[in-house]
Amino acid sequence: MLDGTAGRIRLDQLTAAGRQWRAVQLDCRRLRLDEGRIQCADARVGGVPELADARLNLDFSTQSRAGRLTAQFANDARLTATLAAHGALDLQFSHMPVSLLARVWPAAVQWHPVGALSGRASVDGRRATVSARLENAGFSDASGSHAAEALAGDVRLSAVRQGDAWRWEMRAAWTAGGVFWDPVFVPSGVSLLAEGQVSGQEVTLFSSRLEAPGVGDITAKGRFDMADRQIIDAAVSVRRADLAVAVPQFVLPVVAPAQTERWQVAGWVDLDVQWVGGELHGVEVGLDQVGFAYLGQRFRVGPLSGHLPWHRDTPAQGHLQVDGLHWQKLDFAPFLLDMSVEQGRIKVDPARLPVLDGAVIVDRLTVAKTEDGWQGAGGFFMEPVSMRALTEALDLPEMVGTLSASIPGLIVTPRRAALDGALVIALFDGYVQATGLEVIEPFGLVPRLRADVVAEHLDMAQLTETFSFGAVSGFIDLALNDLQMAAWKPVRFDAAVRSTPGDYRRRISQRAVEHITALGGPSASAAIQRSFLQFFSDFGYGEIGVGCRLASGVCQMEGLEGPGADASPFTIVRGGGIPALNVIGYNRRVNWDELIARVKAAIASDAAPIIK
Amino acid sequence: MKTIWKTLFVVSLLSASLATAQGNLEVDTPAISAIKSSMSQRHAQLAPLYASGAVGLKSDGSLAVHDANAVPLAQRGKLNALVAAENNDRTALYREIATANGHPEWAGDIRNTFAQRWIDKAPGGWWVEGSRGWARK
């Protein structure tokens with residue numbers, strides 16, 4: 001018997017939490033051994049580096065196998081473990097440093113865990129409860145790509161044994177701090193309520209409810225096979241997820257980090273997902289007042305509302321009510337899209353999308369999953385839209401006539417939109433046809449467009465009136481081959497304009513001649529004003545022909561005679577009738593930006609023609 | 001700092017020469033203008049991140065998050081977005097310069113040329129990637 005003097009307890013081996021220590025010793029300031037009862041007060045632990053700074057108090061009865069162990073750590077941290085005679089264990093802990101975790105779990109060292117944990121846990125053969133609060137917690141990997149700061153939260157867990165199973169319920173609240181898990185940042189404000197059962201390798205979730213900023217109200221239930229780490233069956237519902245919060249926070253950083261700041265999204269989404277027999281069985285998406293815009297307000301869709309279902313085995317019918325579709329100042333009237341959704345494919349029923357005084361008719365449209373990702377394919381045509389309304393909406397010079405288009409084949413992927421076939425626009429009494437039209441990276445910084453364009457029988461009178469270029473009567477044909485644009489500006493093309501063959505009135509006004517000659521520079525313009533031709537307001541002409549091959553910012557020009565040496569003059573307008581004149585170009589190599597500037601200047605000066 | 005960087009940019013364009021051919025790195029097209037304008041606007045946000053070590057210059061002519069710890073936790077998502085957007089622009093810039101020279105196959109050489117110039121001209125204190133990994137200039 002020891003009666004309270006200092007003493008030492010030695011253990012050859014201690015095994016706990018899957019770890020083993022050898023030659024462990026307790027140096028007790030007061031040690032009492034009396035009839036199977038061990039009392040060790042104010043002890044230090046040797047042989048367990050993890051407890052080097054702890055002071056222990058142990059009171060244990062070897063007869064009843066009941067007792068109490070108290071450990072006092074630095075910084076007011078304290079742990080009390082009470083073992084009852086019937087085997088119940090009760091743990092109370094306050095301000096326990098989370099960094100202790102790294103002492104018993106080496107893998108945690110690299111995460112630099114911090115924080116304090118307080119609470120209570122008790123367990124016996126039939127019941128277990130845990131109630132804990134975490135404060136000022138955090139962790140971080142070396143690069144800071146996975147980290148948390150200032151975390152606080154509470155968790156309560158209780159479980160009751162029923163036969164071979166444990167019934168459990170849990171409440172958790174994450175009340176402060178934030179977590180960055182590359183590339184997503186999640187702020188606090190999350191609460192979870194769940195109940196379920198664990199039986200062997202199967203975990204059943206009877207019900208659960210998660211609330212978090214932006215993701216609305218999430219409920220889930222299901223069964224999970226922990227051995228195979230697989231869902232057996234489950235149902236997850238999301239109600240009123242706020243896209244304005246959820247998309248920039250959770251979706252864009254993952255799917256399009258470079259464009260996170262270019263998209264604006266709003267509206268609410270409901271989502272129901274079901275798994276049956278280990279397989280995803282169905283998804284229902286409900287959209288309410290959803291809208292999105294790209295690059296400010298240049299392209300806007302919404303509000304749109306509707307229902308999009310997907311069922312594994314059977315096609316499902318969905319619909320979208322689109323109350324807004326805007327591009328620049330072009331506004332579509334509300335329209336409805338009905339669609340059939342099946343495995344890997346969405347097929348949109350024919351629809352009419354009213355715009356201005358006409359409409360875009362969706363003849364067929366299918367969005368399908370391919371080897372290269374999602375791809376849309378369809379056919380469209382237009383009910384005629386007046387050019388007057390269209391040009392006004394697009395801030396272009398007012399044009400007369402109508403625009404009608406036929407787009408028999410359109411293929412769209414996130415990176416590329418291409419026409420299979422021709423886009424035909426009726427314009428200025430003639431038509432413009434584009435083939436091989438494709439736009440690469442339409443939502444990128446540098447959208448690229450390629451096309452071959454031909455136009456026939458364009459009425460010069462309407463054309464020149466539209467662009468305030470003076471007056472020219474007659475018709476022209478245009479070939480614009482290998483057109484390449486970047487950021488919607490031309491970088492390469494091979495263009496040729498020619499008078500349309502045929503018998504029609506061909507007159508060109510003095511003002512138009514001045515503008516054409518002005519393109520050659522101020523001196524050319526002055527020359528005509530000094531000549532006798534200044535006394536006539538218009539002239540007859542035989543043929544107009546001009547070509548420009550644009551490359552590297554330089555327009556290589558040619559006239560009716562075709563290509564020639566750089567220094568050789570070329571005829572743009574060949575005279576005919578009385579009075580007649582020729583317009584000759586002298587500079588075959590023209591800087592494109594300069595040429596555009598001259599055209600703009602010529603049009604701008606049109607209000608004050610100089611006739612001397 | 002902005003002036004230094006702009007100067008660097010111009011110097012890079014003017015003085016770098018291609019190893020494989022006499023390419024014109026000064027070439028200007030609408031696409032290159034759009035990219036340079038985008039990069040110039042973003043630079044105000046990137047400059048303090050270079051200085052703090054949050055972002056470094058990689059040897060392949062792109063940027064990388066070097067030390068996210070230099071940025072408050074809630075801003076690290078934006079840090080990623082900035083780096084991704086800048087890398088998109090840089091890749092497009094190298095491609096556009098090659099295309100404007102009529103040799104799209106030069107994009108790799110142009111990227112390497114720029115990469116070396118960005119690193120050579122980076123101010124002291126910035127993190128750059130060399131043959132032995134990251135180092136502070």
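Student: In β12(A), which residue is the bridge partner of Phe180(A)?
Tutor: The bridge partner of Phe180(A) in β12(A) is Phe185(A). This is a predicted model, in which local features need pLDDT of at least 70, side-chain atom pairs count only at pLDDT 80 or more, and totals for chains, interfaces and linings use all residues. Residues are numbered from 1 along each chain as its sequence is written, while chains are lettered from A and ligands numbered from 1 in the order in which they are written.

Student: How many bridges join β11(A) to β12(A)?
Tutor: Four bridges join them, and the two strands run antiparallel. Strands here are DSSP runs of E with at least two residues, helices are runs of H or I with at least four, and both are numbered from the N terminus. Two strands pair if DSSP finds at least two bridges between them. β11(A) and β12(A) form a hairpin, with two residues between them.

Student: Which elements of chain A touch chain B?
Tutor: In total, 25 residues of chain A are in contact with 22 residues of chain B; contact requires C-beta atoms, placed from the backbone, to lie within 7 Å. The elements of chain A that give two or more residues to this side are β10 (146-162), β11 (165-181), β12 (184-187) and β36 (489-499).

Student: Moving to chain B, what is the strand order in the open sheet of four strands?
Tutor: The order is β2-β1-β3-β4 in chain B, with mixed pairing. β2 (63-65) and β4 (133-136) of chain B stand at the edges; each has a single partner strand, so one side of each is left without a neighbour in the sheet.

Student: And how do β1 and β2 of chain B pair?
Tutor: Strand β1(B), residues 55-57, pairs with β2(B) in the antiparallel sense over three bridges. Val55(B) stands opposite Val65(B), which belongs to β2(B). Helix α3 of chain B (residues 76-100) packs on the sheet and touches β1 and β2 of that chain. The direction of α3 makes about 165 degrees with that of β2(B), where axes are lines fitted to C-alpha atoms, for helices over the stretch in contact, and angles run from 0 to 180 degrees between N-to-C directions.

Student: Back to chain A: is Leu304(A) buried or exposed?
Tutor: Leu304(A) is buried, because 21 other C-beta atoms lie within 10 Å; the cut-offs are 20 or more for buried, 12 or fewer for exposed, and partly exposed in between, with C-beta atoms placed from the backbone. Leu304(A) is found in strand β19 (residues 299-311) of chain A.

Student: What does Leu304(A) touch?
Tutor: Not counting residues up to four places away in sequence, Leu304(A) touches residues including Leu287(A), Val290(A) and Leu320(A).

Conventions:
Contact = placed C-beta atoms within 7 Å.
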